[in-house]
Amino acid sequence: MFTLEETPSLSSKMRISCDRNKLSNFSQKQVRFYLKYSSFVFRALKKPSFQKFLRWMLKKETIEEQAVRAVHVRVLPLRRGNGKGIAGHCDTARGRIRIYPKTTKFCRTFKQKFGRNTLLDYAVNRARAALIHELLHLKYKGDEKTVRELAKDYFCIFTRKQPAQSAHSLFIYKMIFTVKIGGKKASSSASNKPSAGIKLNETCLRASGIFK
Ligand SMILES: [Zn+2]
């Protein structure tokens with residue numbers, strides 16, 4: 001008797017990973033924060049409801065699950081040359097996806113302005129949006145426009161299916177995809193004044209293109 005070989009699930013390819021050489025650039029407090037952040041996001045991305053949605057999306061887009069070799073939830077954030085944070089990155093040749101956190105500084109300002117629960121919601125949904133976006137890159141490669149449009153649609157589909165769907169989810173959705181709240185990005189001179197406003201759509205999911 002033989003058994004059919006099962007394709008490893010997307011969930012089983014997910015890892016939390018950290019660039020140990022970079023740890024010394026951060027304080028112990030920051031490292032503790034990023035460890036908590038990554039494990040929180042990791043657990044949220046592995047939730048059956050989201051994994052089920054991703055399987056459905058991959059099937060709909062005819063992206064083979066084998067095309068995804070690994071999904072790394074990175075502990076430490078990554079910034080581009082212009083200082084903006086990166087939400088995710090996809091190495092389409094290797095099928096390797098990375099999801100990055102927001103910085104401690106951003107999270108602190110955000111929390112002061114909107115509260116802890118909204119921050120947690122934002123962090124999780126930003127990671128979900130980033131993973132959806134990067135998975136789509138496996139098919140659409142460098143076609144950033146298509147990836148962005150589809151990612152928005154898929155994220156919306158997932159959010160609508162959630163039982164707790166509310167005005168609050170819409171608020172989070174807007175933060176991730178479109179709306180600038182408070183106008184200017186917090187600069188170092190404004191960092192002590194959370195009311196100075198933070199630019200919330202700086203997740204820049206587009207950033208995955210810069211490594212190619
Ligand atoms: Zn992209």
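Trainee: Which residue in E4 does histidine 89 stand opposite?

Mentor: Histidine 89 faces arginine 98 in E4. Keep in mind that this is a predicted model.

Trainee: Okay. How do E3 and E4 pair, parallel or antiparallel?

Mentor: Antiparallel, over four bridges, with E3 covering residues 88–91 and E4 covering residues 96–99. The two strands form a hairpin with four residues between them. Look at glycine 95 in that turn: its phi is positive, about 70°.

Trainee: Let's zoom out. How many helices and strands does the chain have?

Mentor: Six helices and four strands. Reading from the N terminus, the order is β-α-α-β-β-β-α-α-α-α.

Trainee: What's the strand order in the sheet?

Mentor: E1-E2-E4-E3, in an open sheet of four strands with mixed pairing. E1 (14–17) and E3 are the edge strands, each pairing on one side only. From one strand to the next, the twist averages 20°.

Trainee: How do E2 and E4 run relative to each other?

Mentor: They run parallel, joined by four bridges. As an example, valine 73 has isoleucine 99 in E4 as its bridge partner. H1 packs on the sheet too, where it touches E1 and E2. The direction of H1 makes about 175° with that of E1.

Trainee: Moving inside, then. Which residues touch the most other members of the largest nonpolar core?

Mentor: Leu54, Leu131, Ile132 and Leu135, out of 45 residues in that core. At least two core residues come from each of several elements, including H1 (28–45), H2 (48–60), E2 (70–74) and E4. H4 supplies the largest share, eleven residues.

Trainee: What does leucine 131 touch?

Mentor: Leaving out residues up to four places away in sequence, leucine 131 touches Leu45, Phe50, Leu54, Val71, Ile97 and Ile99.

Trainee: How much of the chain is buried overall?

Mentor: Buried residues are 47% of the 212 in the chain. The accessible surface is about 11900 Å², and 52% of that belongs to carbon and sulfur atoms. There's also a figure for contacts: among those with a separation of 6 or more, 75% are between residues 24 or more positions apart.

Trainee: Can you show me a pair like that? How far apart are valine 68 and leucine 10, in sequence and in space?

Mentor: They are 58 residues apart in sequence, yet 7.3 Å apart in space, C-alpha to C-alpha. Valine 68 is in the loop between H2 and E2. Besides Leu10, valine 68 touches Lys13, Gly95, Leu135 and Leu138, again not counting residues up to four places away in sequence.

Trainee: Why does valine 68 count as buried?

Mentor: Because its relative accessible area is 1%, and buried means under 20%.

Trainee: Now threonine 62, is that buried or exposed?

Mentor: Exposed, because its relative accessible area is 64% and the cut-off for exposed is over 50%. Threonine 62 is in the loop between H2 and E2. Its phi is positive, about 45°, although it is not a glycine. Most residues other than glycine have a negative phi.

Trainee: Which loop holds lysine 141?

Mentor: The loop between H4 and H5. Lysine 141 also has a positive phi, near 45°. Its relative accessible area is 42%, so lysine 141 is partly exposed.

Trainee: Last topic, cysteines. How many disulfides are there?

Mentor: The count is zero, going by cysteine sulfur atoms within 2.5 Å.

Trainee: And is cysteine 107 buried or exposed?

Mentor: Buried, at 2% relative accessibility. Cysteine 18, on the other hand, is partly exposed at 25%.

Trainee: Which other residues of H3 are buried along with Cys107?

Mentor: Thr104, Phe106, Thr109 and Phe110. Just after H3 you'll find glycine 115, with a positive phi of about 95°.

Definitions and conventions
Residues are numbered from 1 along each chain as its sequence is written. This is a predicted model: local features need pLDDT of at least 70, side-chain atom pairs count only at pLDDT 80 or more; totals for chains, interfaces and linings use all residues. Side-chain values use heavy atoms; hydrogens and water are left out. Buried means under 20% relative accessible area, exposed over 50%, partly exposed in between (1.4 Å probe, protein chains only). Two strands pair if DSSP finds at least two bridges between them. Contact means heavy atoms within 4.5 Å. Accessible areas come from the Shrake-Rupley method with a 1.4 Å probe; for residues, only the protein chains shown count as cover. A nonpolar core is a set of buried Ala, Val, Leu, Ile, Met, Phe, Trp, Tyr and Cys residues joined through side-chain atoms within 4.5 Å. Axes are lines fitted to C-alpha atoms, for helices over the stretch in contact, and angles run from 0 to 180 degrees between N-to-C directions.
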